[in-house]
Number of protein chains: 2
Amino acid sequence: MPVNETFLHDLDTPAVVIDLDVVRANIRTFQAYADAHGIAVRPHIKTHKLPEVAAMQLAAGAIGITCQKVSEAEAMVAGDASIRDVLITYNIVGGTKRARLAALAEKVTLSVVADSAAVVDGLSKTFSGMPLPLSVLVECDTGANRCGVSSPAAAGALAVRIATAPGLRFAGLMTYPPAGGEAGVERFMTEAKALIEARGIPVPTITSGGTPTMMQAADAPVVTEYRPGTYVYNDRSLVTRGVCRWEDCALTVLATVVSVPAENRAIIDAGSKTLTSDLLGLTGYGHVLGRDDIAIDQLSEEHGRLISAGPIDLAVGDRVRIVPNHACVVTNMVDRVHVYDADTTSMRSLPVAARGRIV
Amino acid sequence: MPVNETFLHDLDTPAVVIDLDVVRANIRTFQAYADAHGIAVRPHIKTHKLPEVAAMQLAAGAIGITCQKVSEAEAMVAGDASIRDVLITYNIVGGTKRARLAALAEKVTLSVVADSAAVVDGLSKTFSGMPLPLSVLVECDTGANRCGVSSPAAAGALAVRIATAPGLRFAGLMTYPPAGGEAGVERFMTEAKALIEARGIPVPTITSGGTPTMMQAADAPVVTEYRPGTYVYNDRSLVTRGVCRWEDCALTVLATVVSVPAENRAIIDAGSKTLTSDLLGLTGYGHVLGRDDIAIDQLSEEHGRLISAGPIDLAVGDRVRIVPNHACVVTNMVDRVHVYDADTTSMRSLPVAARGRIV
């Protein structure tokens, strides 16, 4: 990766470093695929949590952004004037959150999802007094077994409830698909769409997401919109799955060796407070760039343990760059990231505006 | 636990809630044990990251605090005037960090550890120009296989190097022991102490730590000081190991059910961004208080999946309280915690002053 070594040298560690050139290329690649297949792009900001990067995604052709929580959406909207269309792919429950949602709806084009009558009725209660209706999509479980109605018939029934609820507008169908689940998405959504349209209700948007299968998004042609998140940075889990290469990973963790207590073992100053304990099915906690022989086999909060089959050939003070297992959770650990821009040969420290926004 | 339900009702979720009554009891219990055995207490602040709770630990009899990183120590010292004695149990590497260490040493009684000549020489370089020497302890590997010199002989050699280095003062020996490792600690430290004293160098402090075996600290009588961290809050990992009971857990995560997509499955609004992916050898991601039948079997960033063998008997909008697997990492996820004080029947929102302090 082309991050300037001089700038890296000036950073104290551990540090989360973002290479904007790689970010730009990643955004371009998926936008080009989506454009070629007539799919709208609505990136999930969970990966970067940076208004500036969302603005880059919008400038490249995205129609809006996706957030998971109301407080994330607030931080993003406050952070860049180009963010005018937000989908929150979450059941918003409780009067406090709905009041914040209503305030946000006065500023931007806003939509949310629901998978139960309880959520729909709560939203209707709050928005029936608002000048404009809130757009609500039905969340569908197409195999991930998380949230979502479990059948096209249930999706149809909930769509009718939304369409007839005061203060709400039925806006379509949403799913977070299981890995490789395009066939299931296509089947579920086609049937649900037909059921809903048969009742005279249009289905303007069918939105799916997930980086692992984003380059197969067109295999489910019923889908009109796609919401990838991790693609903007990529990570070890995606390289391991064959979705991208190490040089497509825009986020790395710079760490310093603080101890070499044995010939084949070194300790770095990045632990679970930076790399996180997320395994995503992998063995080990990240990839040391340029050192395929090293495994990060153990993390405590502030220590990462590196082991090698042979001599580890590292000394106290040496620095390593690590591609983490899961990029999204790493940006959530730090108040600031260090952004390198080859265009301007500059390194900037940016606050992670939507970090820790859990409500 | 006696947290007032009225106050909980007013919190938006997910929220990290601390019960100060339980905190006080936990602090008292270990301080009483340590006092009875003549062991000095130097709590590790990684668990709470709150100057106010550190002040409670000091008021109860602790001689100082333990931090892992320089930036943590800075935040704690800035946060409460009673914090005047800080041990950083970490190899401080690099000129930037050493300069911050020197600034901190002008404000409080400061000590650090080292496990290599490289670290000692770096510290000496910075502190040789300072008016007072920096206290440095030798970190010893007594079986945890993380940092630390690997033998008493190596500890002795490094102690001599510290004692003769300009700007430094040899202050003793430090270890983070493996679970149940008191016998190993006693053996290693006794031998190292004898070797160092035989060279005419006193060993004023031998410090060990870790909540799991804190009530066996006296089984290694060579140890003069103990550094428990998690004991202040406790967590599911400690309950599972038989170290404490659910009612001794001061930290809980309050969450709301946002979806009940199947009879035996519910989804809550707390995921890995709150509970974290830390397993600590356990199955599942936390314990739902009062619901032994429920397992938290899957987390994504903003969703927690609850499953039960029978009907889960939860509805959208219901709230649950969760004891996380690992309390320390949970406080690092949130900018604020909600502290309930039964003494004043009040709930306060406190900033987690040392959150995210990774450098």
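Angles between axes under 35 degrees count as roughly parallel, those over 145 as roughly antiparallel, those from 65 to 115 as roughly perpendicular, and the rest as oblique. The model is predicted, with local features requiring pLDDT of at least 70 and side-chain atom pairs counted only at pLDDT 80 or more, while totals for chains, interfaces and linings use all residues. Residues are numbered from 1 along each chain as its sequence is written, and chains are lettered from A and ligands numbered from 1 in the order in which they are written.

In chain A, the axes of helices α2 (residues 20-36) and α3 (residues 51-59) come within 10 Å and cross at roughly 40 degrees; α2(A) and α3(A) are therefore oblique to each other. Helices here are DSSP runs of H or I with at least four residues, strands are runs of E with at least two, and both are numbered from the N terminus. Axes are lines fitted to C-alpha atoms, for helices over the stretch in contact, and angles run from 0 to 180 degrees between N-to-C directions.

Chain B holds an open sheet of 8 strands with parallel pairing, in the order β2-β9-β8-β7-β6-β5-β4-β3. At its edges stand β2 (40-41) and β3 (65-67) of chain B, each with a single partner strand, so one side of each lacks a neighbour in the sheet. Pairing requires at least two DSSP bridges between two strands. Within the sheet, 6 bridges join the parallel strands β6 (residues 134-139) and β7 (residues 168-174) of chain B, and B:Val138 stands opposite B:Leu173 in β7(B).
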